[in-house]
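Then read on for a tour of its parts.

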Amino acid sequence: MPTNVLVTYATKLGATASIAAAIGAELRSEGLQVEVREIGAVLAVTPYDAVVIGSAIYNGGWLPEAVRFLRRHERRLRTRRVWLFHSGPIGPSSHEEQPVPPEVARLAREFQAPPVKTFAGELQADAVLHDRDLERLVGDSRDWHEIRAWSRQIGTTLKAAEPTTSP
Ligand SMILES: Cc1cc2nc3c(=O)[nH]c(=O)nc-3n(C[C@H](O)[C@H](O)[C@H](O)COP(=O)(O)O)c2cc1C
């Protein structure tokens with residue numbers, strides 16, 4: 001039986017959804033069984049062996065529905081492989097790791113998850129109308145190569161843990 005993976009994400013404007021889709025596609029190409037779902041559409045994590053959870057960052061925080069998800073499923077996530085990412089930085093500082101909000105850091109420790117991965121984001125013009133400072137940063141900084149490489153590491157880790165079928 002292939003490992004069942006959930007990739008779930010919280011987004012306001014869609015940039016994080018596309019990152020999650022790319023993670024899902026990469027894991028599928030590694031032979032894993034993968035579902036990619038918006039965080040509000042996930043009722044339970046019990047069907048999955050591993051869960052990848054991501055949120056867009058706004059004003060230094062994760063979207064509230066993502067933090068609620070971590071809290072709501074805390075007990076079950078403790079017994080699953082968990083990876084966390086957040087997406088946000090844009091423009092000249094797009095390669096800077098972003099601080100992990102304290103509550104997310106606490107939960108990540110509970111899940112024994114690897115360090116939260118920062119991915120660069122995309123800032124759409126519609127999101128920053130009339131904000132001169134942010135307008136300068138409009139653009140797409142997402143690094144698909146980095147996203148795929150991170151996903152491949154997850155795939156390799158999960159496949160290494162799969163039971164081998166005897167000949
Ligand atoms: C009002 C506003 C506040 C933001 N605050 C942050 C922030 O604190 N840290 C960060 O890294 N990115 C920040 N961003 C950038 C977003 O995280 C980035 O555009 C992200 O890719 C959006 O993801 P989404 O399309 O999935 O909602 C902010 C963007 C806006 C419009």
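Predicted model: local features only at pLDDT ≥ 70, side-chain atom pairs only at ≥ 80, totals over all residues.

## The overall span

Now look inside. The largest nonpolar core has 24 residues, and Ile53, Trp62, Phe69, Leu70, Leu77 and Leu84 have the most contacts inside it. Which elements each supply at least two residues of this core? They are β1 (4-10), β3 (50-58), α2 (64-72), β5 and α4. The one that gives the most is α2, with 4 residues. Zoom in on phenylalanine 69 and you'll find that, leaving out residues up to four places away in sequence, it touches Thr8, Ile39, Val42, Val45, Ile53 and Leu77. Another core, of 20 residues, lies apart from the largest one. Among the residues of this other core are Val5, Tyr9, Ile23 and Leu158.

Is phenylalanine 85 buried or exposed? With a relative accessibility of 0%, phenylalanine 85 counts as buried, because the cut-off for buried is under 20%. You'll find phenylalanine 85 in strand β5. Along the chain, phenylalanine 85 and alanine 56 are 29 residues apart, and their C-alpha atoms are separated by 8.8 Å.

## Around the ligand

How many residues surround the ligand? There are 19, and the closest are Thr11, Thr16, Ile57, Tyr58 and Glu122. Threonine 16 uses its side chain: an N or O atom there is 2.6 Å from an oxygen atom of the ligand. Isoleucine 57 uses its backbone instead, with an N or O atom lying 2.6 Å from a ligand oxygen. Asparagine 59 also has a backbone N or O atom facing this way, 2.9 Å from a nitrogen atom of the ligand.

Asparagine 59 also gives you a handy reference point for alanine 127: the two are 68 residues apart in sequence and 13 Å apart in space, C-alpha to C-alpha. Alanine 127 has its place in the loop between β7 (122-123) and α5 (132-135). With a relative accessible area of 39%, alanine 127 is partly exposed.

## Salt bridges

Time for some charged pairs. Searching the whole structure turns up 11 salt bridges. In one of them, the side chains of lysine 159 and glutamate 30 meet, with 3.3 Å from N to O. This pair links distant parts of the chain, 129 residues apart: lysine 159 is in helix α6 (residues 144-161), while glutamate 30 is in the loop between α1 (15-29) and β2 (33-38). How do the two partners sit? Lysine 159 counts as partly exposed at 35% relative accessibility, whereas glutamate 30 is buried, with a relative accessible area of 17%.

Next up is arginine 78, which forms a salt bridge with glutamate 110; their closest N and O atoms are 2.8 Å apart. Arginine 78 lies in the loop between α3 (74-77) and β5 (81-87), and glutamate 110 lies in helix α4 (residues 102-110), so this pair ties together parts that are 32 residues apart in sequence. Arginine 78 is partly exposed, at a relative accessible area of 44%, and glutamate 110 counts as partly exposed too, at 30%. These two also belong to a network of salt bridges that links Arg71, Glu74, Arg78, Glu103, Arg106 and Glu110.

## One more pair, and a buried glutamate

Arginine 142 and aspartate 140 also meet through their side chains in a salt bridge, at 2.8 Å from N to O. Arginine 142 counts as buried at 13% relative accessibility, but aspartate 140 is partly exposed, with a relative accessible area of 42%.

Finally, find glutamate 26 in helix α1. Glutamate 26 is buried, with a relative accessible area of 11%. Which residues is glutamate 26 in contact with, leaving aside its neighbours within four places in sequence? They are Arg148, Ser151 and Arg152.

Note on methods:
Residues numbered from 1 in each chain as written. Heavy atoms only, no water. Salt bridge = Lys/Arg side-chain N within 4 Å of Asp/Glu carboxyl O. Buried < 20%, exposed > 50% of the residue type's maximum accessible area, 1.4 Å probe, protein only. Contact = heavy atoms within 4.5 Å. Core = buried A, V, L, I, M, F, W, Y, C linked by side-chain atoms within 4.5 Å. Near = heavy atom within 4 Å. Polar contact = N/O pair within 3.5 Å; in protein donor to acceptor, adjacent residues only side chain to side chain.
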